[in-house]
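This report looks at one residue in a loop and then at the surroundings of the ligand. Please keep the sequence and the model at hand while reading.

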Amino acid sequence: MSAQQVTLIGCGAIGRTLIARMADHPTVRITHVVVSEGHTAECQAAIGNGVTVCSEVPPETTLLVECAGHGAITDHVLPALERGIECAVLSIGALSENGLPEQLADAAQRGGTRVHLLAGAIGGIDAIASARLAGLDSVTYTGRKPPQGWRGSPAEQVTNLDTITEPTVILEATAREAAHLYPKNANVAATVSLAGLGLDATRVRLIADPTVTENIHEIDVRGAFGEMRITMRGKPLPDNPKTSALTVLSALRFLNNRTASVTI
Ligand SMILES: NC(=O)C1=CN([C@@H]2O[C@H](COP(=O)(O)OP(=O)(O)OC[C@H]3O[C@@H](n4cnc5c(N)ncnc54)[C@H](O)[C@@H]3O)[C@@H](O)[C@H]2O)C=CC1
Ligand SMILES: O=C([O-])CC(=O)C(=O)O
């Protein structure tokens, strides 16, 4: 099988870690990374010369992986799909904006291509999406992170992240509301809901917890298939306490599977 070339969107904690992990990949090569205008020189200096930094998706791109943020879906992923570029996205919470899932599907159909919603920091998405086929009764998601994982988010208006000593619920809402209010913390909530009962029927609790050091995701699913409970205790990336390291590995798995003879 021939080598697969990849363009990334985003050169933050996920993008930089993925580029480092993919450096010696035998059959998949990250050739370009797209960053916001004005940041190309700084990013090129940070990652070295193995990958070309640019501010637009290069015309020769055939596979795009988004690891930037919600805005990148409309800025880059929609136009890429229209051009026939296959895309994989991590900023799943962007799909909480009314109409965006349909726009993505339409753009992919017009481009004759597909968009893949990656599992990111969570496991069990395959099981939830399978269980849905026989009917689900309830899906709940609880996201728990140390206080530093909530900095720069609306949690700062709900509690004092510097002084809390007890686990503190900062939001109880639907997955749609959670993803909208916490674009850097509730992508998993959106993913779980899209695999299962949808953004409006999935209940979400977000908790700032000074007693933990990991990003803890708990899912409870009940339906005709039976019941499922998952707890993930994800170590955060050193460069971004909001983001679990597994998120990078989920993109790495997707890229490995592109050229593998047996995929898993
Ligand atoms: N599905 C999942 O489980 C998870 C998804 N994510 C998503 O991945 C995103 C990136 O995460 P990190 O790398 O940890 O964040 P980060 O904040 O370290 O890096 C994001 C980078 O993307 C850049 N960026 C933002 N919007 C852009 C745009 N429209 N075009 C080009 N560059 C843009 C930023 O300037 C920044 O350099 C998060 O914002 C979130 O949407 C993050 C964690 C888990
Ligand atoms: O990486 C994580 O632990 C989850 C996360 O930030 C999100 O769901 O947006």
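## Leu 197

Leu 197 has a relative accessible area of 29%, so it is classed as partly exposed (buried is under 20%, exposed over 50%, with a 1.4 Å probe and protein chains only). Leu 197 belongs to the loop between α8 and β9 (203-208). Its C-alpha atom is separated by 18 Å from that of Leu 118, and the two are 79 residues apart along the chain.

## Basis of the model

The model is predicted: local features need pLDDT of at least 70 and side-chain atom pairs pLDDT 80 or more, while totals for chains, interfaces and linings use all residues. Residues are numbered from 1 along each chain as its sequence is written, chains are lettered from A and ligands numbered from 1 in the order written, and side-chain values use heavy atoms, without hydrogens and water.

## Polar contacts of ligand 1

Polar contacts here are pairs of N or O atoms within 3.5 Å. An oxygen atom of ligand 1 lies 2.8 Å from a polar side-chain atom of Asn 240. For Asn 187, the distance from an N or O atom of the side chain to a ligand oxygen is 3.4 Å. Ala 68 takes part through a polar backbone atom, 3.3 Å from an oxygen of ligand 1.

## The shell around ligand 1

The elements giving two or more residues to the shell are α1 (13-22), α3 (71-82), α8 (187-195) and β13 (240-244). The largest share, three residues, comes from α3.

Conventions:
A polar contact is a pair of N or O atoms within 3.5 Å; within protein, one must be able to donate a hydrogen and the other to accept it, and residues adjacent in sequence count only if both atoms are side-chain atoms. Helices (H or I, at least four residues) and strands (E, at least two) are DSSP runs, numbered from the N terminus.
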